[in-house]
Amino acid sequence: MRVAFIVIVSLQFIMLEGRCSLLAEVDSVDYMSLFNKVRRNNLDSAEIYAQMAVDQGYVFGDSLLILRAATAKAWVLEQKGDYTGAVNDYEQALKIARNNGYRSRTKFILNRLGLTHADYANYSEALRYHLESLKLREEDEDLVEIATASNNIGLVYYRISDYGQAIQYYETAIELGQNTNLDLKTTLANLGLCHTALGQDDKALGYYERVLELCNEDCSADILVIAYHGSGLSYLNNDQEKAQKNFEKAIEISKSNELFDKLVIGLHYLSKIELKNGNIDTALEIVNESQKMALAYGYRRWVKLNFQQLGAVFSSLGNFEQAYNYQRKYDSLNNEILNEGIVKNMAKIQADYQERENLQTIQNQDQEISRTNTLLFLSVIIIILISIILFILYRINELRRRANRQLSEAKNTIEQQNNILEEKVRERTKELNETNAALMKSNTDLDNFIYKTSHDIRGPLATLQGMCNVALIDIEDNKSRDYFEKIGHTAFRLNEILSKLLIINQINNSLISTDKVDLKKLVKGIIKENSALPGYREIKVENQIDQFENIESDEVLLKIILGNLISNAYKFHNSSNRVNSWIKLEGRRENGHLQLDVIDNGIGVDDKASSKIFEIFSKASEVSDTAGLGLYLVKLAVEKLQGKIEHSKTEEGFTKFSVELPAN
């Protein structure tokens, strides 16, 4: 142990000596992360990393890092039993927290200082820090934190055997905690300890049993040990066997979880039981083990109580001189920990705190009186204003009556005129209904005519195309073949026109269906269909609509829109050998809409025809041999889907058709 300590001190000295240069080289090292990795299993390394983080914070001028690191180092020293060093580092951190306005960290450090002083049995300082912490938490109106601070103050009073004050604070903590998510098991166990100390064993056991019921499998080792300690104390005077089982259970949990402060307590009381049972040597061995740990970790309260137990053990052995020496040590340490001056100081601290509370109450009462006087003055003003308003309302009511009489006369005149107007409106409405009925009949007749005519003509056209195809097989005369080819081509174009007229009728009369449409598959099919035609294979297509696999829309209308736009881009490509023809398809979502663009470097749209290209039988180019129905169909389909279509030219002069459709 001694060699290890010298090695560690040497290592610390070397690290401290080269700290400035080291920080300059590794200023990016996160010492707090290193601290967190080792703090549970290597306190010496954790202390070094925490100090390195403090120095790093001063080099960087990072007050928050200094605060965190100083708090971390204080925690390590507290675990190692160096309470003086822990208090110094906590106070350094507290000063930084206050100077920089870190309120939450100020409350945390005040709490840690209170707990550290309590562990070192410096109860007056512990009470002072806990009361200061409580004041801040009350100002923030955080019930959970107020309950926590009340529990810690109760613990201080319990340790000085002022069980009445301790119970008062514990009950306050429980009352506040019931309306929050605070874990009350520790406070219930502490309340049980107070009743045990007052000899109210049955009541105390009720608290411990409640704690163990609340625990089930979700309970920290600390709480379990406190509950078993309390149960053991409650049974100590009545049932030695049960008391021993509870203390042994507490010792077992303390050892497995390295709870050395709790282990010291369990061993102390187990020694008492062994002494009562007449096992003096065993009692001496156990209390010596407890005292060894109490001295190592600076648990002064239990060092004191172990002196008393050692005195009792040596008295049983008949070694009264040694018993007297231990009793003197107990009296000396007890006087140091809890003398009359300390008790008076604690009373003064409590009184000062209570006086601040009373002054705050008086101030609140003064403010309440001031608010009451203000409300009374405002009430008088409001009564005066209400009286004025009532008088004004009375005058307004008189004026309203006079106006109502005039309005009544005017109303009679208006009613007479309205009767005349209503008669005229009825006549006009009748005429309008008759006109609408006639128009609907005309539209229906027109749709029926288009549908019937298209179907009636398509039969003869199909026959004509078939005859032309047969003639082209049988006739060998070139001139005759040319005539039949032209007749067949004309019949084909006429069939296309009829098909598109039927589509127009279909668009006008169909209902929109909403299906999952695989847009990617639809576009690929249209491209495949067009690229297979003679003369179109060399046209390069850049398809960027691949990203939309599934959209919700009417598949038939989408196919009409994209089919005609892409087909036109193929038809009106630039057939010059000097131009590499291409078509670009783009798609994106914007502001809840689906934007589809078809761009090509073809022959374009004649400027004279650009304003009329979406009209029926309008041709986009003089070169075209189409009927001028494609873009009209596109516009009808887009409007049916409540969308918009525009024609424009890109900055490079290419033809661009943009379709905007609702996203769903």
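At what angle do helix H22 and helix H23 pack, and how far apart are their axes? Before the answer, the conventions. This is a predicted model, in which local features need pLDDT of at least 70 and side-chain atom pairs count only at pLDDT 80 or more, while totals for chains, interfaces and linings use all residues. Residues are numbered from 1 along each chain as its sequence is written, and side-chain values use heavy atoms, with hydrogens and water left out.

Now the answer. Helix H22, residues 555-571, packs against helix H23, residues 630-640, at an angle of about 150°, and their axes are 9 Å apart. Axes here are lines fitted to C-alpha atoms, for helices over the stretch in contact, and angles run from 0 to 180 degrees between N-to-C directions. Helices (H or I, at least four residues) and strands (E, at least two) are DSSP runs, numbered from the N terminus. The crossing of H22 past H23 is left-handed, the term for a near helix turned anticlockwise from the far one by less than a right angle, with clockwise being right-handed.

On the H22 side, the residues in contact are Leu557, Ile560, Ile561, Asn564, Leu565 and Asn568; on the H23 side they are Gly630, Leu631, Leu633, Val634, Ala637, Val638 and Lys640. By class, this contact has nine nonpolar, three polar and one charged residues. Contact means heavy atoms within 4.5 Å. For the classes, Ala, Val, Leu, Ile, Met, Phe, Trp, Tyr, Cys and Pro count as nonpolar, Asp, Glu, Lys and Arg as charged, and the others, Gly among them, as polar.

Next, salt bridges. The structure holds 19 of them, counted where a side-chain nitrogen of Lys or Arg is within 4 Å of a carboxyl oxygen of Asp or Glu. Glu47 pairs with Lys80, the closest N and O atoms being 2.7 Å apart. Glu47 lies in helix H4 (residues 43-60) and Lys80 in the loop between helix H5 (63-79) and helix H6 (83-99), so this bridge ties together parts 33 residues apart in sequence. Glu47 is buried at 14% relative accessible area, whereas Lys80 is partly exposed at 28%. The cut-offs are under 20% for buried, over 50% for exposed and partly exposed in between, with a 1.4 Å probe and protein chains only.

Which helices do Glu139 and Arg103 come from? Glu139 sits in helix H8 (residues 123-140) and Arg103 in helix H7 (residues 103-119), 36 residues apart. Their closest N and O atoms are 2.8 Å apart. Glu139 is partly exposed at 44%, and Arg103 is partly exposed at 34%.

Lys107 and Glu145 also form a salt bridge, at 2.7 Å from N to O. Lys107 is in helix H7 and Glu145 in helix H9 (residues 143-159), so the pair ties together parts 38 residues apart in sequence. Lys107 is buried at 7%, and Glu145 is partly exposed at 23%. Shared partners join Arg103, Lys107, Lys135, Glu139, Asp140 and Glu145 into one salt-bridge network.

Last, the totals. The protein has 23 helices and seven strands. Buried residues make up 40% of its 664 residues. Of the contacts with a separation of 6 or more, 61% are between residues 24 or more positions apart.
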